[in-house]
Amino acid sequence: MKPFQKLDGLVAPMDRANVDTDAIIPKQFLKSIKRSGFGPNLFDEWRYLDVGQPGQDNSGRPENPDFVLNQPRYQGAQILLTRDNFGCGSSREHAPWALEDYGFRVIIGPSFADIFFNNCFKNGLLPIKLDAAEVEELFAQCLGADGYRLTVDLQAQTITRADGKVIPFNVDPFRRECLLNGWDDIGLTLRRADIIRDYEARRRVEQPWLFA
């Protein structure tokens with residue numbers, strides 16, 4: 001998992017409430033568990049005018065010109081601004097995989113579905129909850145200015161707006177440490193690799209019949 005410390009990124013506004021995980025990455029793309037390659041199909045049913053299929057070449061597919069991520073001003077966005085209850089629906093981990101593979105590192109909104117919120121931290125995404133009034137101001141600024149950017153500092157737990165206003169946010173200390181260091185669940189386990197190997201070697205001596 002890539003560490004996250006500080007990001008100065010372009011913002012894209014997803015001005016819809018209750019965006020569910022089937023909209024984020026539709027069900028037909030869930031066959032793979034490789035964690036990569038899902039970016040081209042992020043928001044597939046909104047992003048394209050036809051029905052996408054796994055393994056399909058997306059380069060020739062007709063795009064929906066009205067969908068926010070297809071608009072030139074939001075190309076290369078790394079921060080997604082959202083409305084209430086983002087990531088609701090099924091618990092598929094493919095949703096944060098698709099967002100991260102597309103290029104997003106931060107998602108800002110007033111509320112998130114619990115399982116999606118937890119899965120983001122485990123896959124290198126930083127979901128940030130802000131008061132609805134703060135989110136509304138960010139939407140207004142983003143929609144009103146091309147190339148709108150925010151600076152997100154996880155170490156300081158602050159968002160700095162384009163006008164210089166600093167917005168504090170809270171992150172659980174354990175999740176913050178994991179993101180800062182790029183530790184997913186496997187990475188956390190491997191930090192104890194020496195202890196695990198010692199335990200396994202001791203078990204072979206103390207209980208050899210288990211390894212016959």
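**Exercise 1. How much space lies in the largest pocket, and which residues are the closest to its centre?**

The model is predicted: local features need pLDDT of at least 70, side-chain atom pairs count only at pLDDT 80 or more, and totals for chains, interfaces and linings use all residues. Residues are numbered from 1 along each chain as its sequence is written, and side-chain values use heavy atoms, with hydrogens and water left out.

Step 1. A pocket is an open set of points on a 1 Å grid over the protein atoms alone, where a 1.4 Å probe fits, with protein on both sides within 12 Å along at least five of seven lines. The largest pocket holds about 200 Å³, a volume being the space filled by probe spheres set on the points.

Step 2. Its lining (residues with an atom within 4 Å of a point) has 15 residues, and Phe-29, Gly-37, Asn-41, Pro-54 and Gly-55 are the closest to the centre.

Step 3. By class, four lining residues are nonpolar, nine polar and two charged; Gly counts as polar and Pro as nonpolar.

**Exercise 2. State the strand order of the open sheet and its edge strands**.

Step 1. Strands are DSSP runs (E, at least two residues), and two of them pair if DSSP finds at least two bridges between them. The seven strands follow the order β4-β3-β2-β1-β5-β6-β7, with mixed pairing.

Step 2. β4 (126-129) and β7 (166-168) pair on one side only, so they are the edge strands.

Step 3. Within the sheet, β1 (residues 6-13) and β2 (residues 79-81) run parallel, joined by three bridges; Val-11 stands opposite Ile-79 in β2.

**Exercise 3. Which residue meets Glu-100 in a salt bridge?**

Step 1. A salt bridge requires a side-chain nitrogen of Lys or Arg within 4 Å of a carboxyl oxygen of Asp or Glu; the count is 15.

Step 2. The partner of Glu-100 is Lys-2, at 3.2 Å, N to O.

Terms used
Helices (H or I, at least four residues) and strands (E, at least two) are DSSP runs, numbered from the N terminus.
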